[in-house]
Amino acid sequence: MPAISKALALEIAAQPLPSTEERIDRALLEMGKPPEALEGPKGLPDGRYQENMDKQSMFQAATCCGINLAEMRWLLDELLAAGLIRNTSSESQTPRYMLTFEGLHRLKTGGEALVSNNAFVAMWFDKEVWMAFERGIKPAIKNAGFEPLRIDRVHHVGKIDDEIVAQIRRSRFMVCDLTSSLLDDPDAESGMTPVARGGVYYEAGFAHGLGKKVIWTCRRDVVEHIHFDLRQYNCILWERGKEEELQEDLNTRIRAVIV
């Protein structure tokens, strides 16, 4: 067994708890696909779990419910109310919770967000726009009461495309920065050739198809290179060295269009 240092323990303790959405998905994964079922919850009079209840203990740990039996009951009640699980036992028996078709669909596709506090950020991951995210987009989203989510900062072990689709589904809205790189091109009329970020356009199109609100931003010096189909949208323009203005404008836009 590796030793757990004091520094590591403090680092773990400082980690934020998973969001409600993450706990929901962990609960569904731990419950297992039908005909597997979770029996319970049971507990001692003081609310602690019985030591021999392996399935419940794993469920408890996976969903970060601590040792509070009432919290586990709350999570199961919310999953029932959302139609993600059902009780397969009679009233005289201990409840047995099993996934529904909706629960299975959520596991397979990522599901739609029940109540999401995340804002998916689609943008070029390069030092050219690093300050725009750190001083503009990220604080603007946080100050509006949401959590910015960039796929390059999400820990996962699956296919990146699947993770992108799942995270967009679970997000409340998207901030899409259309800033592209420019390459010297003596044959071009402007002397430069834009290199559009195909992944950014894909992610924005997927969110748009889901009916999610997309808030557009772009660096002013490359806005003329935005694809024709997107020029009709009201885009927040920003400049290098003035990222704080981007923060203010984006924060105002989020508060205006996200209910």
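User: Let's start with one residue. Which strand does Cys 218 lie in?

Analyst: Keep in mind that this is a predicted model. Cys 218 lies in strand 9.

User: Is Cys 218 buried or exposed?

Analyst: The cut-off for buried is under 20% relative accessible area. Cys 218 has 0%, so it counts as buried.

User: What is Cys 218 in contact with, apart from its neighbours in sequence?

Analyst: Setting aside residues within four places in sequence, Cys 218 is in contact with Asp 177, Leu 178, Thr 179, Val 223, Ile 226, Cys 235, Ile 236, Leu 237 and Trp 238. Take Asp 177: in sequence it is 41 residues from Cys 218, yet the two C-alpha atoms are 5.2 Å apart. Across the protein chain, 61% of the contacts with a separation of 6 or more are between residues 24 or more positions apart.

User: Now helices. Which residues of helix 9 are buried?

Analyst: The general idea comes from geometry: an α-helix has 3.6 residues a turn, so residues three or four places apart point the same way. In helix 9, the buried ones are Glu 243, Leu 246, Leu 250, Asn 251 and Ile 254. They cover an arc of only 125° around the axis, so they sit on the same side of helix 9. Glu 248, Arg 255 and Ala 256 are exposed on the other side.

User: What do the buried residues of helix 9 pack against?

Analyst: Their partners are helix 6, strand 6, strand 9 and strand 10.

User: How far apart are the end C-alpha atoms of helix 9?

Analyst: They are 21 Å apart, and 15 residues at 1.5 Å a residue should span 21 Å, so the two agree.

User: How many salt bridges does a search of the whole structure find?

Analyst: Side chains of opposite charge can pair when their charged atoms come close. Here the search finds 9 salt bridges. One of them joins Glu 134 and Lys 138, with the closest N and O atoms 3.8 Å apart. These two are 4 residues apart in helix 6, which means about one helical turn separates them.

User: Which residues are linked in a network of salt bridges?

Analyst: That network holds Glu 128, Arg 219, Asp 221 and Arg 240. Within it, the closest N and O atoms of Arg 219 and Asp 221 are 2.7 Å apart. Arg 219 is buried at 4% relative accessible area, whereas Asp 221 is partly exposed at 40%.

Definitions and conventions:
Residues are numbered from 1 along each chain as its sequence is written. This is a predicted model: local features need pLDDT of at least 70, side-chain atom pairs count only at pLDDT 80 or more; totals for chains, interfaces and linings use all residues. Side-chain values use heavy atoms; hydrogens and water are left out. The expected span of a helix is 1.5 Å times one less than its number of residues. Buried means under 20% relative accessible area, exposed over 50%, partly exposed in between (1.4 Å probe, protein chains only). The arc is that of the directions from the helix axis to the C-beta atoms. Contact means heavy atoms within 4.5 Å. A salt bridge is a side-chain nitrogen of Lys or Arg within 4 Å of a carboxyl oxygen of Asp or Glu.
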